[in-house]
Amino acid sequence: MFIGHFGVGLLAKRAAPKASLGTLFFAAQALDLLWPILLLSGVEGVRIAPGITVVCPLDFVNYPWSHGLFPVLVWAAALALLYWIFRRSLGTGVVLGLVLASHWLLDFVTHRPDLPLAPGDPRRYGLGLWNSLAGSLAAEVGLFLLGLWVYTSATRPENRRGTWPLWALALALLGIQVANYFGPPPPDVPTLAYSALGIWLFVFWGAWVDSNRRAVKGRR
C-alpha cells in the first residue's frame with residue numbers, strides 16, 4: 001500500500017489537531033521511510049518479480065526490521081514516547097503511535113503472505129488484496145480521498161499557500177499511485193530503493209501545507 005497510508009495521516013489530523021501533517025505523514029509512512037535505508041545497507045532484501053501479484057511486482061524476501069509486527073509495535077511505542085517527552089502531549093503521542101502501527105495492518109490486508117512477525121520467525125502473513133486491481137484501487141484511493149475530505153473539513157487555509165499546495169500534493173500522490181499500478185516495474189533494486197527515499201519529500205510537503213492551515217475551532 002502507498003497512497004492509503006497517506007490517507008491515514010490525513011484522517012488522523014482530526015484526532016491530533018496539534019500535530020503537523022508532516023509529523024502525521026512521518027508516522028503513517030515510517031516503515032517505508034526506514035525500508036529503503038535497510039535495503040541499501042543490505043540488512044533487508046527484495047526481489048523484482050513482475051506478476052507475483054496483479055498490482056505489485058515486488059517479492060519482499062526479507063524485511064523483518066522494517067515490517068515485522070513486533071518491531072513495528074516497538075517503533076510505534078517509541079514514537080509515542082518521544083512525542084510525549086519532547087511535546088508533552090500524551091494524547092497526540094498515542095495517536096501517532098497508532099498511525100504508525102496502522103501501516104502494518106494495512107499492509108497485512110494488501111500484501112500477499114510475506115509479512116513477518118519478528119526477525120527469525122519464518123511465518124509470513126497477508127490477505128493478498130494486491131491480487132485484485134479493482135479492490136486495491138478502491139481500498140487505496142478510497143482511503144486517501146476519505147482522509148483528504150476529513151483533513152479539509154478539520155482545517156482551514158490561512159492563505160493561498162494553504163490551498164494550492166494541498167491539491168498539488170494530492171495530485172502528485174495520485175499520479176504516483178497510478179504509475180505504481182500501471183507503469184513498468186523498477187529496473188533494479190538500487191533504483192527502487194533510491195526512489196522510495198523520495199517519500200521523505202511528502203513528509204516535508206505535508207508540513208509546509210499544514211503550516212499554512214489552522215485547525216477548525218471546536219476541534220480538539
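Trainee: Where do Phe202 and Trp205 lie, and how many residues apart are they?
Mentor: Both of them lie in helix H9, which covers residues 199–211, and they sit 3 residues apart, about one turn of the helix. The model is a predicted one, so please read everything I say here as computed from that prediction.

Trainee: Noted. Are Phe202 and Trp205 buried or exposed?
Mentor: Phe202 and Trp205 are both buried.

Trainee: How many aromatic pairs does the count come to?
Mentor: The count comes to 9 aromatic pairs. One of them is formed by Trp104 and Phe108, which are stacked at 5.7 Å centre to centre, with 10 degrees between the planes. Both of these residues belong to helix H5, where they are 4 residues apart, about one turn of the helix.

Trainee: Trp104 first: buried or exposed? And what about Phe108?
Mentor: Trp104 has a relative accessible area of 9% and is therefore buried, whereas Phe108 has a relative accessible area of 22%, so that residue counts as partly exposed.

Trainee: Let's switch to H1. How many of the residues of H1 are buried?
Mentor: Of the 13 residues of H1, 10 are buried, so the helix is largely enclosed by the rest of the structure. Among the buried residues are Ile3, Phe6, Val8, Leu10 and also Lys13.

Trainee: What covers the buried residues of H1?
Mentor: The cover includes helices H2, H5, H6 (133–154), H7 (164–182) and H9, together with strand S3 (155–157).

Trainee: You said Lys13 is buried. Which side chain meets that of Lys13 in a salt bridge?
Mentor: That of Asp210, with an N to O distance of 2.9 Å. This pair links distant parts of the chain, given that Asp210 is in helix H9 and Lys13 in helix H1, 197 residues apart. Asp210 is buried, as is Lys13.

Trainee: How many salt bridges does the structure hold?
Mentor: There are 4 salt bridges in the structure. Another one is made by the side chains of Arg47 and Asp59, at 3.1 Å, N to O. Arg47 lies in strand S1 (residues 45–48) and Asp59 in strand S2, so this pair ties together parts that are 12 residues apart in sequence.

Trainee: Which residue is linked with Arg47 and Asp59 in a network of salt bridges?
Mentor: Arg112 is linked with them in that network. As for accessibility, Arg47 is at 45% and so counts as partly exposed, while Asp59 is at 9% and so counts as buried.

Trainee: What does Asp121 pair with in a salt bridge?
Mentor: The side chain of Asp121 meets that of Arg123, at 2.7 Å, N to O. Asp121 has a relative accessible area of 14%, so this residue is buried, whereas Arg123, at 46% relative accessibility, counts as partly exposed.

Trainee: New topic, the largest nonpolar core: how many residues does the core have?
Mentor: The largest nonpolar core has 36 residues, and those with the most contacts inside it are Trp35, Val46, Leu58, Phe60, Val99 and Leu100. At least two residues of this core are supplied by each of helices H1 (3–15), H2 (21–40), H4 (69–87), H5 (90–110) and H8 (189–196), and by strand S2 (58–62) as well. The largest share of the core, 7 residues, comes from H2.

Trainee: Leaving aside the neighbours within four places in sequence, what is Val46 in contact with?
Mentor: On that basis, Val46 is in contact with Trp35, Leu39, Leu58, Asp59, Phe60, Val61, Val189 and Leu192. There is also a second, separate core of 19 residues, and this one includes Leu33, Tyr151, Ala170 and Leu173.

Trainee: Last one, the nonpolar surface patch: which residues make the patch?
Mentor: Leu81, Leu82, Trp84, Ile85, Phe86, Leu90, Val94 and Leu98 make a nonpolar surface patch of about 800 Å². H4 and H5 each supply at least two residues of the patch, and the largest share, 5 residues, comes from H4.

Trainee: Take Ile85, then. Where does Ile85 lie?
Mentor: Ile85 lies in helix H4, and with a relative accessible area of 39% this residue is partly exposed.

Conventions
Residues numbered from 1 in each chain as written. Predicted model: local features only at pLDDT ≥ 70, side-chain atom pairs only at ≥ 80, totals over all residues. Heavy atoms only, no water. Core = buried A, V, L, I, M, F, W, Y, C linked by side-chain atoms within 4.5 Å. Buried < 20%, exposed > 50% of the residue type's maximum accessible area, 1.4 Å probe, protein only. Contact = heavy atoms within 4.5 Å. Patch = residues over 30% accessible without salt bridge, like charges linked within 9 Å, V, L, I, M, F, W, Y side chains within 5 Å. Areas by Shrake-Rupley, 256 points an atom, 1.4 Å probe, with all protein chains shown as cover. Phe/Tyr/Trp six-rings, centres within 6.5 Å; stacked < 30°, edge-to-face > 60°.
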